[in-house]
Amino acid sequence: MSMNCPHEVEGSSSHSDTSTNAVVNLPVREIPGHYGTPFFGPILDRLKYFHFQGKEKYFSSRVKKYQSTVFRANMPPGPFISSNSKVVVLLDAKSFPILFDVTKVEKKDVFTGTYVPSTKLTGGYRVLAYLDPSEPNHCKLKQLLFFLFHSRREFIIPEFGRSFGELFDTLECKVATKGKARFDGLNDKACFNFVCRSFFATNPADTKLGIRGVPTKILIWILFQISPIASTGLPCFLEEPLFHTCLLPPCLMKSNYKKLYDFFYTYSGWILDEAEKMGIEREEACHNLLFAACFNAFGAMRIFFPILIKWIGRSGAKIHKQLADEIRSAVASHGGNVSLKAIEDMHLMKSAVYEALRIEPPVPFQYATAKKDLVIQSHDSLFEVKQGEMLFGYQPFATKDPKVFERADEFIAERFVGVEGEKLLKYVVWSNGPETEDTSVDNKQCAAKDIVVLVSRLLLVELFLRYDSFEVKIHTSPLLPLVTFTSVTKCNDPSTEKLKQ
C-alpha cells in the first residue's frame, strides 16, 4: 500500500525532528519483510544472525532487499527460549527515538529483548532494568540510585584517578618489560575497584570477597543472563545447543552470586537504610544495587573503555597531541587539579567521547512494545504498527545514519565541537535516550548516564596527563575489542606531573 496524503504521526516521539501528532506528507507503506515458517523461520534467522551473515550483514542485507530501514524480522533467541522472536526493526535516526517514548511504548521485561532471564539470577526479584516506568517500584528504585550517585559524587574523580592510576602503573611496567600489555584484564580489575571504592567506600581487596577472580565471576553471571543473544566465538554446532537454545541453569551461579550479594549487603548498609525509608525492602534494594554495580556499571565500563581506547588509539599522533595539550592546559588553568570545571573546558576531549559513544555504542540493542496502534516515521515513509507488536532498534545503524551524520562511518574526534556540532548530540542515544535530555524516574534512560560520560572523560584525562601518545593493536572478539598497548610515550614535561589528581 502506498499513498501520498497528510498523516498524523501518532508514533513520532518528541525526541525526534517530527513533533507528536505532527502532520506529515509521506507515503504510508506496509512494513516489508516476513518471519518465515513457524519454528524453522526464527531458527534460520538466528543462524544467519550469529553465524552465516553476522549482525551487520543481517541488517544491511535486508535494508538493501526491502529498500527500507523499517522491516519485519526475527531476533534471537527464538525457539526454544522465546515463544516470540517477531519484531519490527528500526534502523534509522528518524524512527529509532520511538523506542524511548514511554507514552507510546512499554519497556516491561524487554531489557534483554524477546526473552527474560530467570529471576533466580537476581535473588528472585525483577530488578529495575526490567521494570516499566508505570510500575510502582520503578520510581523508588531509580530514585534510590540517584540518591547513591548524589551522595558519593565527590568521590568519583579521586577514586577513578586512584584505580586507573594503578592500572596505568602496571601497564607501563608490562610494556617496558614485555613490549606489550593487554588492557582488558587490567581494565576489569580497575573498573570493579573503582565501582566499590567510589560508591560503596570499600576496597574489595581488603574484604572477604577479595579482588582475585571476582571480575571473571561477574562476567560469568552476566553471561548466564545474556547467553541467548551473545556471540561466544564457539563453532555453530556448539554455540547453538549450549547457549542459544536453552537458558543456562541459574543453580550453577548460586554460590558465586551469594558471595557478591553478601559483599554488597555488608558494605551498603547506609544505602539500604535509605531504601527502607523509601518503602523498599532491604533484600530487594541490595539485589538492585548488585545489579546496578556489576551488570550496569562494571559491565558498561569494561565494554566501553576498550572501545574508547581503540578509537582514540587509531586517531593517531596529531589527535593525541591536541588532546594532550587541551587536557593539560585545562587542568593547569584550574589550579592543577582534575575537576568538573576543568573537564568542561576540554571541548575536543568531550567530543571524542561522544563520537566513540556514537560510532560504537556499548549497548547496541533497544526494545519496546507498542502500547497502542502507532504510525512510525522513517526518513521517507510512514509505517503502521499494531498494539502489542515488539519494536527493535539496532543502534549502530541509527547513530551512523548518513542522512544525519557526514562521513558517518568515520571516527571524527571533533565532530561535536562548536554550536553546529552540539546540535548533533540529540542523535547520540547510547543511554536509551538522547544525550540532550536528562534521565528521570519517568523514563528508561540510564540512571548513571552522566556518570558514564564522566568516567569515560576521566579515562582520557588520566591517559593524556601521563602520555603524549600511545600505540595499540586491536584484535576482534565476539564480545568486545581486545586492546593491547604496544608502546606509550610518556610526557617529558616535569610540570605535568603536578597536574595529576
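## Helix α9 and what covers it

Helices here are DSSP runs (H or I, at least four residues), strands are runs of E (at least two), and both are numbered from the N terminus. This is a predicted model, so local features need pLDDT of at least 70 and side-chain atom pairs count only at pLDDT 80 or more, while totals for chains, interfaces and linings use all residues. Residues are numbered from 1 along each chain as its sequence is written, and side-chain values use heavy atoms, with hydrogens and water left out.

Which residues of α9 are buried? In this helix, residues 269–277, they are I271, L272, E274 and A275; buried means under 20% relative accessible area, exposed over 50%, and partly exposed in between (1.4 Å probe, protein chains only). Looking down the axis of α9, these buried residues fall within an arc of 155°, so they line one face of the helix. That arc is taken from the directions from the helix axis to the C-beta atoms. Just past α9, G279 has a positive phi of about 90°.

Strand β10 (residues 390–394) is mostly covered, with 5 of its 5 residues buried. M390, F392 and Y394 point one way, while L391 and G393 point the other.

Two strands count as paired if DSSP finds at least two bridges between them. Strand β4 (residues 86–90) runs parallel to β10, joined by 3 bridges, and L90 sits opposite G393. Strand β7 (residues 365–370) pairs with β10 in the antiparallel sense over 5 bridges, with Y367 opposite F392.

Elsewhere, 3 strands make an open antiparallel sheet in the order β6-β12-β11. Its edge strands are β6 (181–182) and β11 (467–475), each pairing on one side only. Strand β6 connects to β12 (residues 482–490) through 2 antiparallel bridges, and A181 stands opposite F485 in β12.

## Two loop residues

E135 is in the loop between β5 (105–106) and α3. Buried or exposed? At 15% relative accessibility, E135 counts as buried. Leaving out residues up to four places away in sequence, E135 touches K108, R126 and Y130. E135 and K108 are 27 residues apart in sequence, and their C-alpha atoms are 8.7 Å apart.

T232 lies in the loop between α6 (214–226) and α7 (236–244), and is partly exposed, with a relative accessible area of 27%. Again not counting residues up to four places away, T232 touches E239, F243 and P478. The C-alpha atoms of T232 and S477 are separated by 8.6 Å, though these residues are 245 apart along the chain.

## Cavities

How many cavities of 30 Å³ or more are there? The count is 4. A cavity is a set of points, on a 1 Å grid over the protein atoms alone, where a 1.4 Å probe fits but cannot get out; lining residues have an atom within 4 Å of a point. Grid points are joined across faces, edges and corners, and a volume is the space filled by probe spheres set on the points.

The largest cavity has a volume of about 70 Å³. Its lining includes D109, R126, Y130 and Q225, and the lining residues divide into 6 nonpolar, 4 polar and 2 charged. Here Ala, Val, Leu, Ile, Met, Phe, Trp, Tyr, Cys and Pro count as nonpolar, Asp, Glu, Lys and Arg as charged, and the others, Gly among them, as polar.

Technical notes
On a 1 Å grid over the protein atoms alone, a cavity is a set of points where a 1.4 Å probe fits but cannot get out, and a pocket is an open set with protein on both sides within 12 Å along at least five of seven lines; lining residues have an atom within 4 Å of a point. Contact means heavy atoms within 4.5 Å.
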